[in-house]
Each structure stands twice: as C-alpha cells, then as structure tokens.
Amino acid sequence: MILKEKIKTDAGLQYVVDHLEIMSSVGRRTLLSRPWLTNPSDLETEYDNIAAAVEVTKDETKRHAYNDLRHRLMELHDLSGTFNNLASHTVLDEVELFETKSFTHVVNQARRAAAELGLDDILQLPDLGEPFALLDPDHTGIANFYIYDSYDERLTPIRHELRSQQSLLASLSQNDENYTPTAQRISDLLAAQNELQNAICRDLSDKLFAHHDKLVTAMEQMGYADILLAEAELTINWNLCRPTIGESSEFAMLVNPRLRERNEKAGLRYQPIDVAFSDGVTLITGANMAGKTVLLKSIATAQAMAQFGMYVPTSKAVITIVDDIYCSIGDEQDEMNGLSSFASEIIKISRAIELTTQSRLLVLIDEPARTTNPIEGKAIVQSLISIMESRPSPTMITTHYSQLGSNCNRLRVRGFVESMVNVPINPQNINRFIDYSLIPDQSDEVPQEALRIASILGCNTDLVELASRCVCQNEGLD
Amino acid sequence: MPFVKDILNYRSLAIVGLDKNTGKTVCLNYLLRRLNQLKATTGVTSIGVDGEQTDAVFATAKPEITLYEGMMFNTSELHYRKRQLLSEILAVDEQRTSLGQLVTAKALTCGKVLLSGAATTERLKKQIQLFHSMGVSLAIVDGALSRLSLASPTVTEAMILATGAAVSPNIKNLIARTKYTCRLIGLPEVSRELKQQLNTIESGLWAIDDNGLAHDLNIASVFLIGEHTESLFRYGTTLFVSGAVSDRLLRILASQPNAGRIRLIARDFTKLFVSPEAFADYTRTGATIEVIQQSRLVAVCLNPTSPKGYRLNSEEACKALSDALELPVYDVMRPDSVKIP
C-alpha cells in the first residue's frame with residue numbers, strides 16, 4: 001500500500017499531505033508513492049532522519065545552506081522521461097542535454113549544501129561531477145548549454161561563416177539579387193552544422209548512459225530530500241512528536257489537525273485527547289456530539305502518519321505496528337453505494353473479521369449495527385466484541401448500546417459538563433461545554449444524554465417531553 | 001519609427017494585430033532590427049502559437065522573426081528545433097504545452113526563429129519576469145487579439161497596435177474600426193487597491209460596494225443575468241465581470257432604469273467582445289467601463305496592403321489615421337518614412 005491510495009480514504013491524512021511544503025514535482029511523486037512501513041528498523045530510520053532534519057532546520061547558523069538546499073529543490077525538474085530515453089539508448093536532443101546538465105548542476109549544488117548541513121549521510125546524493133563535465137567542455141561552471149564548438153573542431157569554421165552570412169542576410173532586402181544565394185548558403189551551413197550536432201548528441205548520449213543509474217539515484221534522493229525538509233518544517237510548525245514503537249498504543253494530547261484548523265477558524269476551542277489501547281477490543285461510549293467519530297478518525301490519521309514514517313500530532317506517542325488500518329466509519333465515502341447503510345456496514349464488519357485472521361490490523365468501527373433493530377443490533381455488537389477480543393489486532397468500537405456484558409477495555413467520553421456552563425447554551429456554542437476527554441468506565445451502562453442534548457439544540461419541546469415520559473415508563477417496566 | 005527610443009522607457013511591450021495580415025510580424029522585425037542597433041538587451045516571446053511559416057488563413061508568406069546576437073527568446077521545444085541560428089539554452093519550463101516545453105535561449109548568432117509561447121496570462125507574466133531576471137531591459141510579446149487565446153497581452157506596460165488594409169479596404173471603415181479598438185485599449189484602469197482585490201477573482205459576476213469590497217453575485221453565467229436583474233444592484237452599481245463582456249450584457253445593463261450610474265469593470269480590453277454599436281448604446285446612458293489591467297498604446301502601425309491585393313495610399317492613410325487617433329501612425333513597409341525630428 002502506498003500513500004497515494006491511503007489518502008483517498010483518509011481526509012485527515014490528505015490534509016497532512018496538503019500541508020507538506022514540497023518544492024518539486026519529483027518530491028510530490030516520491031511522497032505519493034511512499035510505502036506503508038511495518039519494519040521497526042525502517043520506521044526508526046525515518047524518525048531518525050526527521051530528527052536530524054528538524055535540528056538542521058532550527059539551527060540558525062545553518063540557515064544559508066538550508067535555504068540553498070531548498071532553493072535547489074525548487075529548481076529540480078522531473079527528468080524521468082529523459083532518463084528513460086537514456087536507458088533505452090535513444091539519442092538525447094539539445095533540450096534534453098540542457099535539462100540533464102541543469103539537473104547535474106542542481107544536484108551537485110544540493111550535494112554541497114547537504115554536506116554543509118551534515119545531512120550528506122542521510123541524503124546520499126551521488127557525485128554528478130563527471131556527467132556535468134561531459135556537458136560543460138568549456139568549463140563555464142553554469143547550467144546553460146549548447147553544442148559547444150569544442151565538441152568538434154569542424155564546427156568552428158561552419159559557425160564562423162554562418163555568423164557572417166546571417167549578418168549579411170539580415171542587411172539584405174528580399175529583392176536584392178544576393179538574397180536568395182545567401183539564404184541558400186545559410187541553409188547549407190545549417191544542414192552541415194546539424195549533421196555534426198546530431199553526431200555529438202549521439203556521442204554524448206552514449207557517454208551519459210554510463211551514468212544512468214547514478215542520475216536516477218540522484219533524482220530519487222532529491223525527491224527524498226524534498227520530503228524530508230517538508231516533514232521537518234511540518235514537525236516544527238505543528239509541534240509533532242516522534243513516535244516510540246511498542247506493544248500497545250498510547251497517544252497523549254492527540255490532535256486532529258484538520259479539525260483543529262476548522263475550529264480555530266470558527267473561533268471554537270479544540271481539545272486534544274489522551275487515549276490508549278492494546279490488542280483486543282476497546283469499547284468507547286459517550287453521548288451524541290461527544291466526539292467519538294472524530295476520535296476514531298484522529299487515531300486513524302495519527303497511526304497512518306506514523307507508519308508512513310512521519311511524526312505524529314501528539315505530545316507523546318507509543319505506536320504498535322499494524323499491517324493496515326481498517327475503518328468502518330459511517331459518514332465516509334462508500335464505494336458500495338447502492339446498498340443500504342446496514343448492508344454496506346455489515347459487509348465491512350464481516351470483512352474486518354476475515355482480514356484479521358491473516359493480518360494484524362488497527363480496526364476502527366463506529367457505532368456498528370446502529371441502523372437496525374436494537375435487539376439484533378445489540379446481539380451483533382456483542383458477537384463482534386467477543387470475536388475481536390481474541391484477535392491479535394487492536395480494535396476500537398464506539399457504541400450507544402449498554403449492557404453488552406463484555407469484560408473488554410471500556411472508555412467513556414466525559415461529555416457534557418453542567419458546571420462548565422456559564423452562558424445560555426445554543427447549537428453554536430455547545431462545543432464549549434463538552435469535555436471530550438476519555439475516562440475508564442467500569443459500568444456496563446452508557447450515558448443517556450440524547451434528550452438533554454436534543455433539548456439544548458432547540459428540538460421541538462413536545463417531542464422531548466413525550467420522549468422523556470416514555471423513558472421513565474420503559475425504565476419502570478424494566 | 002522615431003518612437004523606438006521611447007519604447008526603451010518601458011520594461012515590456014506587446015505588439016498586437018487588429019486582424020490577420022496587419023503587418024504585426026513586419027513591425028516586430030523592424031523593431032528588433034532597430035533595438036539591435038540601439039544595443040538594447042531584448043527578450044521576445046509570443047502568445048500561444050504564433051510565427052507559423054505560412055499564414056494559416058490565406059497561405060501568404062509570413063516572415064519568420066529575425067533575432068540578433070545577444071537577444072533572448074522563448075519558444076516551444078518544437079519551434080526551438082526548427083530555429084535557423086545558433087543559440088544557448090538558458091532555461092526550460094517544466095510545464096508542457098501542446099508543442100512541448102517552453103525553451104528560453106540566447107541567440108549566439110543572428111538568424112530566424114519561429115515563436116510560440118505561454119498560453120496563459122500567468123505564465124506570460126512569469127516569462128516576462130524571467131527575461132528581466134536574465135538582464136533583459138525590454139521584453140516584447142508578439143500578441144494576439146483572439147477569443148482563442150487565454151493569455152492577455154495587456155500584462156505589458158506598453159502596446160503597439162498593428163492595423164491595415166486587411167481590416168477593411170475602405171479607409172473610413174478602417175479608421176472607424178481602428179479608432180474603436182484604440183478607445184477600448186485606452187479604457188481607464190481601476191485603483192491599485194481594487195486591482196489587487198479583483199485580480200484574485202477567477203470567475204463569476206461580482207459587485208463592489210461603497211467600501212470597495214467585492215461580493216459574488218452568484219450568477220453562474222453572465223448569460224443568465226437577464227433573470228437576476230432585480231438583485232443585480234443589491235451592493236451598488238459597480239460591477240465586475242471576470243470573463244468575457246458581450247453585447248448582450250451591455251444591452252441588458254443599458255436597459256436598466258439606473259443605467260447611467262453603472263460602472264462596469266472588465267479584466268482588460270481583450271475581454272470585451274462588444275460591437276461598436278452596443279458599446280455606444282451603453283456609454284450613451286452615462287454608464288462607464290473600466291479595466292483592471294491597462295497597457296499604454298504608444299503607436300499604431302499600418303500595413304497598406306491586404307492579402308487580397310488591395311493597396312491603400314500609404315501617406316494618405318497614415319495621415320488620416322493619425323489625425324483621427326491623435327497618435328503616431330507608421331507604415332510598416334516604409335517605417336522610416338517619417339523623419340526623426
């Protein structure tokens with residue numbers, strides 16, 4: 001699985017990727033084809049590299065070299081087409097040779113900047129001095145290019161004459177008797193020049209072929225450098241945290257960057273959450289509007305960031321490595337459109353059960369079986385918990401069902417806090433009076449706050465009062 | 001043309017033709033020759049595809065552009081390969097056009113090139129900046145006045161308009177059409193603040209309130225404006241059209257009871273696809289048109305011959321045009337016939 005696939009189903013991750021300030025198209029391409037990492041040592045290497053890049057980014061004494069490197073990345077062009085031509089022994093034309101020269105120039109400068117920054121070991125940019133020299137026979141040291149006279153001594157006299165004939169032609173009117181012969185001579189000279197130039201292009205392409213692998217590596221490593229610097233910037237700007245790899249997961253002050261920005265824009269407060277979970281089922285309960293769905297999405301984004309080798313939006317993070325994240329979250333885009341919400345959900349749940357027999361997944365299921373009758377619905381949830389409890393995959397399930405009769409780990413969102421209320425409540429400010437933090441919950445009951453929240457939201461009073469009476473009657477019956 | 005020295009006071013110049021075969025390329029070639037004599041560092045590019053070897057419509061010979069040693073030019077990969085001079089590549093734009101990447105190079109000998117270039121205003125602006133960063137003192141754009149072109153030549157500081165017998169063999173007609181285009185080119189530019197604000201708007205019909213703030217009128221197309229006339233003026237009578245301004249729009253506006261107070265803002269004169277009649281009816285009410293981007297018209301060039309074989313009396317035509325436009329008018333075939341004072 002690669003990042004490009006994962007961002008299609010994780011809007012939070014897409015948001016993160018959109019905020020990485022990648023300079024080059026090569027960098028963007030490399031980023032999107034990043035693999036999901038499961039090997040701890042691969043992940044640690046990525047985290048180490050970010051740590052080094054963060055240090056360099058913060059170091060004011062290295063600002064100059066840092067800016068230089070970023071500038072080179074801006075100049076980087078994607079030459080994969082040209083390098084493919086080179087690999088297949090297609091002769092590069094003058095424009096491609098210029099692009100190659102310009103590329104080697106950029107890489108060589110980036111290499112110097114990387115060495116100054118002490119990032120040379122990490123970036124491993126190859127020395128492209130030789131291919132540059134091939135394309136710079138006059139030792140100009142700059143990226144400009146044409147088929148220089150020094151490639152073939154026969155070029156000089158042709159061009160010398162061409163220059164004078166061109167000047168002559170420019171001074172002649174089209175009616176002048178010398179005009180046509182001069183134009184003809186120029187055309188002959190250009191043909192002779194082109195023949196020599198083509199031979200030189202062939203020869204240069206042959207010689208550059210020997211450097212093909214180095215050029216390709218350089219492009220990949222430049223792409224990596226682009227990502228690494230962007231990750232370091234994001235790590236600093238968002239105050240991201242290096243994950244520790246462990247047996248179970250623990251996120252302290254977990255943030256959902258996308259929601260945080262939305263809240264900040266709307267002038268609303270954003271509350272980071274502490275959450276911990278391990279293999280087996282963690283059941284999350286809480287009133288409506290208490291942020292259970294957001295919590296699952298935040299966990300999914302943080303886990304994905306960690307496994308794509310990034311730092312995570314927490315103040316402390318221990319992650320357990322999984323093969324993939326499997327989500328069944330209600331309001332997400334569903335490729336199984338056309339099915340009822342129950343049908344598409346139950347198919348997803350059943351798939352999660354099958355997949356966890358073969359791989360270790362982080363399974364996130366939001367309010368399973370909520371769209372069917374509560375008797376069977378509750379039974380489905382009870383069975384799901386009992387099956388997933390024994391799987392070596394951490395599973396988080398949110399629910400409104402009580403008395404599920406399971407001993408699994410239970411967390412409850414603290415929810416609506418009366419004591420926080422100091423002004424009249426309305427749908428716009430209700431968010432201020434909800435404590436989104438999670439507390440361990442031993443009871444098998446779920447909070448019954450639906451009617452209170454409905455009433456705060458200005459719901460029809462007849463409905464709320466009647467419903468409250470029904471609740472009392474039903475409880476009496478029980 | 002005595003104005004060549006004056007042109008050097010500008011950093012960028014567009015040459016636009018009122019019609020095909022109005023001598024735009026002849027004018028450009030003349031200008032390049034003079035700029036070479038004046039040792040001005042010049043960069044040349046074109047809008048979209050231009051500089052075809054033969055005119056696509058009438059198949060008349062279309063001279064290529066002659067560059068001189070040291071001049072810079074920007075053209076597509078395809079046309080770069082066909083150049084008839086020695087040149088050094090300085091930059092290649094990563095973005096591709098239908099004719100390949102855009103190559104910026106410096107002529108090492110004099111010779112002919114075919115020009116093609118940026119197809120959008122944004123890229124054209126960037127190319128002009130690139131030329132300036134490479135030490136060019138005058139960036140010239142071989143422009144086009146066409147619905148087909150997305151890039152507008154008005155991004156340049158100065159402009160030369162090419163007109164001629166190809167527009168109309170009847171001198172009165174020719175003067176009327178040229179004068180009308182000159183009037184559109186000369187439409188006043190909005191304030192700098194408004195310009196900055198409106199430049200960020202990409203589509204739709206907007207109203208600008210008394211505090212200078214733009215509001216989207218949420219009318220999907222100006223063609224639907226007839227159904228929204230009652231809400232059109234809810235923020236006042238200053239309107240901004242981000243796209244094309246048509247006769248229909250002007251006619252609807254002219255028929256409003258408050259027409260005399262309407263101030264219509266267009267992006268630039270190339271977005272006005274408006275007949276002289278509709279324009280006259282609109283302005284007669286007292287309503288005005290302004291633009292975000294104005295380019296200063298410095299001269300008009302006249303091609304007295306038309307591809308169909310008509311030939312105007314050059315001296316008479318130049319004089320009549322010059323009197324009507326109150327601008328210098330030059331015959332491109334005899335550019336130095338007017339003596340430098």
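Predicted model: local features only at pLDDT ≥ 70, side-chain atom pairs only at ≥ 80, totals over all residues.
How many salt bridges are there between domain 1 of chain A and domain 2 of chain A? The count is zero, where a salt bridge is a side-chain nitrogen of Lys or Arg within 4 Å of a carboxyl oxygen of Asp or Glu.

Residues are numbered from 1 along each chain as its sequence is written, chains are lettered from A, and side-chain values use heavy atoms, leaving out hydrogens and water.

Let us stay inside chain A. An automatic or database assignment gives domain 1 (20-148 + 205-233), domain 2 (247-447) and domain 3 (449-478) of chain A. The C-alpha centres of domain 1 and domain 2 of chain A are 42 Å apart. Still, 13 residues of domain 1 of chain A are in contact with 14 residues of domain 2 of chain A, contact meaning heavy atoms within 4.5 Å.

Now look across to chain B. Here 25 residues from chain B and 23 residues from chain A take part in the contact. Between chain B and chain A the count is two salt bridges. You can find E94(A) and R83(B) joined through their side chains in a salt bridge, at 2.9 Å from N to O.
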